[in-house]
Amino acid sequence: CRRIAYQWAKGSLWEDDIDWLFYISLKGVARKFPNTDTATYSMADVLHKEFLSELKLDMDDAVWFCDYLDTIKDRVLFVLDGYDEVAAMNHPVVDIIFNNTYRYIVTSRIKLHPRHYDTYLEGVGFTSGNITAYVDKFFLNVNSTTASQSGSKSTQKRRKKEEIDGDLCEGTLLNEWLLDNPKIRYLCHVPIMAEITCHLWKSDHISIKSKFFSVSEFYSKFVEHLVRRYLTRSGINVSFLGALLLRQDKAVEVLKFLEDLAFRVSVLGETVVKGKLLDKCVDDHADNDADYIVRIRHAGFLIDMGTMNDGGVFDKDYHFVHLSFQECLAGHYIAANLRKQAVVDFIMKHKYNPKHKLLFWFAAGKVKDDPDKLNLLFNSVLRPPRDLVGGYEICLLLRMGEEAMWPDELKCKS
């Protein structure tokens, strides 16, 4: 959605067809209006709150602007992002937006809006062929760029000729490795995961070239990669840390905070980190350290959602670099705090919720080398309430056991 808006603003998309395009995050606009039975809103309220107030225009201007848009409806496009995040709210402001007869593009992860649309498109990410092609091009492009930045033209040509076979070999080796690790290959259907996988493969510090990886192990490598980059940018020499990298003080500080934050967001069933929640989490961890939030943001796990106003750090909303990173870090928090009442309550409430299944996979993978914690996790899942049919419970336990590599010490009490 943002790309559509950006391309239109640049004049490279629908320049002759659309005079006005409005990008609206449905979840964002829903937060700005109280959701009450007596609330009545208009399209002028939406446009004023989302756009016109930033231009110092008042409600009279908003009403006039809406009247003007009504006269050119065929040349107005609303790009509405994230219907699935507001579908269950029954929010009057969302109804107001959809009840107007403008042209729309609506995105939704799961649920479709009940009204009719002329065209439906499904974003499937990379196909299997796309993954193979991306991997091959990644290594060629990375090394070609490196070569072009150093040496004379003759040196660059010689280097390119000498390295091209090696580049193709690296891409071929990674593609073969992905075929041997179908669960990791499945992750690469998401473009950002394919990119990170390639970065990990070419890393001199983090080796993923062993025969088999579980999903939780692989994400642990992702986390290590981001932490290594953060520490390097902070001026810390990480070359000698080796296996102690994640025990370095700054690494512990960042990961402990992010795991707690990811768990709190998961408890709320959210994918967006609200500024108020971030503020509360910082207060619980920072101990009046003014630079604490700066270090957290520089770690690269949280992304500013880019609100239009220039408010402070806690006036904005954030999200993790990918939802699966939030699930990974929340799973690590569960693994480290299995006896905390908040974690016990979460397991009891959400163990059969498909939305949170990855958290349990990641938790099992995290404690695979600690028999006591592993048994505690499995037996926590097996406590009442139980799955009456048993099918989902069996599937969950099998995947958790797979992530934990089925150790001999695992003893479940059904």
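Predicted model: local features only at pLDDT ≥ 70, side-chain atom pairs only at ≥ 80, totals over all residues.
Student: Why are α16 and α17 called roughly antiparallel?

Tutor: The axes of α16 (357–366) and α17 (371–382) cross at roughly 155° and come within 9 Å. Axes are lines fitted to C-alpha atoms, for helices over the stretch in contact, and angles run from 0 to 180 degrees between N-to-C directions. The angle of roughly 155° is over 145, so the pair counts as roughly antiparallel.

Student: Which residues make that contact?

Tutor: Phe360, Ala363 and Ala364 of α16 meet Leu374, Leu377, Phe378 and Val381 of α17, with contact meaning heavy atoms within 4.5 Å.

Student: How many of the residues in this contact are nonpolar, polar or charged?

Tutor: Seven are nonpolar, with no polar and no charged residues. Ala, Val, Leu, Ile, Met, Phe, Trp, Tyr, Cys and Pro count as nonpolar, Asp, Glu, Lys and Arg as charged, and the others, Gly among them, as polar.

Student: What makes α10 roughly perpendicular to α16?

Tutor: The axes of α10 (residues 215–233) and α16 cross at roughly 80° and come within 8 Å. That angle falls in the 65 to 115 range, and α10 is therefore roughly perpendicular to α16. Val215, Ser216 and Tyr219 in α10 meet Trp361, Phe362 and Gly365 in α16. The residues of this contact are four nonpolar, two polar and no charged.

Student: Why does His356 count as buried?

Tutor: Buried means under 20% relative accessible area, exposed over 50%, and partly exposed in between (1.4 Å probe, protein chains only). His356 has 4% relative accessibility, so this residue counts as buried. His356 sits in the loop between α15 and α16. Not counting residues up to four places away in sequence, His356 touches Ser266, Phe346 and His350. Ser266 belongs to α11, whereas Phe346 and His350 belong to α15.

Student: How do you know that Leu69 is buried?

Tutor: Leu69, in α4 (residues 59–70), has 0% relative accessibility and therefore counts as buried. Leaving aside neighbours within four places in sequence, Leu69 is in contact with Trp20, Phe22, Leu47, Val76 and Tyr102.

Student: What covers the buried residues of α5?

Tutor: In α5 (residues 92–99), Pro92, Val93, Val94, Ile97 and Phe98 are buried. Their cover includes α2 (26–31), α3 (43–50), β2 (76–81) and β3 (103–106). Helices (H or I, at least four residues) and strands (E, at least two) are DSSP runs, numbered from the N terminus.

Student: How many helices and strands does the protein have?

Tutor: There are 18 helices and five strands, and 43% of the 414 residues count as buried.

Methods
Residues numbered from 1 in each chain as written. Heavy atoms only, no water. Parallel < 35°, antiparallel > 145°, perpendicular 65-115°, else oblique.
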